[in-house]
Amino acid sequence: MSDLEVVRVRLDTVESKVDKHEDILQRLADQHNDMQIGIAEVATEVRMTNELLEQFMTSQQKIVMA
């Protein structure tokens, strides 16, 4: 094998590894976006639950006072 062939094989190996890393980074970015969406949905649910609890407690206070 000539030096040029060795360099080409090594370059192909490096390019393959770079492609794999790019794929992994893309998947990580996609999963991060999905996680951010999930967190936003949970925050919305918590906010709504807190509002309902507040309404319930207000109603309970009105009932007790009446």
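Author: Begin with the helix rule. Helices (H or I, at least four residues) and strands (E, at least two) are DSSP runs, numbered from the N terminus. N33 is found in helix α1. This is a predicted model, in which local features need pLDDT of at least 70 and side-chain atom pairs count only at pLDDT 80 or more, while totals for chains, interfaces and linings use all residues. Residues are numbered from 1 along each chain as its sequence is written, and side-chain values use heavy atoms, with hydrogens and water left out.

Reader: How many helices and strands does the chain have?

Author: One helix and zero strands. The radius of gyration is taken over C-alpha atoms, and the globule rule is 2.2 Å times the number of residues to the power 0.38. For 66 residues that rule gives 11 Å; the chain has 28 Å, well over it, so the chain is more spread out than a compact globule. Its C-alpha atoms fill a box of roughly 95 × 10 × 5 Å along the principal axes.

Reader: How do I read burial, and what share of the chain counts as buried?

Author: Buried means under 20% relative accessible area, exposed over 50%, partly exposed in between (1.4 Å probe, protein chains only). Of the 66 residues, 0% count as buried. N33 is partly exposed at 44%. V64, which lies in helix α1, counts as exposed at 68%.

Reader: Now patches. Which residues form the nonpolar one?

Author: Patch residues have over 30% relative accessible area and no salt bridge; like charges are joined within 9 Å, nonpolar side chains (Val, Leu, Ile, Met, Phe, Trp, Tyr) within 5 Å. A salt bridge is a side-chain nitrogen of Lys or Arg within 4 Å of a carboxyl oxygen of Asp or Glu. Areas come from the Shrake-Rupley method with a 1.4 Å probe; for residues, only the protein chains shown count as cover. Here I24, L25 and L28 form the nonpolar patch, with about 290 Å² of accessible area together. L28 lies in helix α1.

Reader: Which residues gather in the patch of negative charge?

Author: D12, E15, D19, E22 and D23. D19 lies in helix α1, residues 3-65. D19 is partly exposed, with a relative accessible area of 44%.

Terms used: Lys, Arg positive; Asp, Glu negative; His and termini not counted. Charge placed at Lys NZ, Arg CZ, Asp CG, Glu CD.
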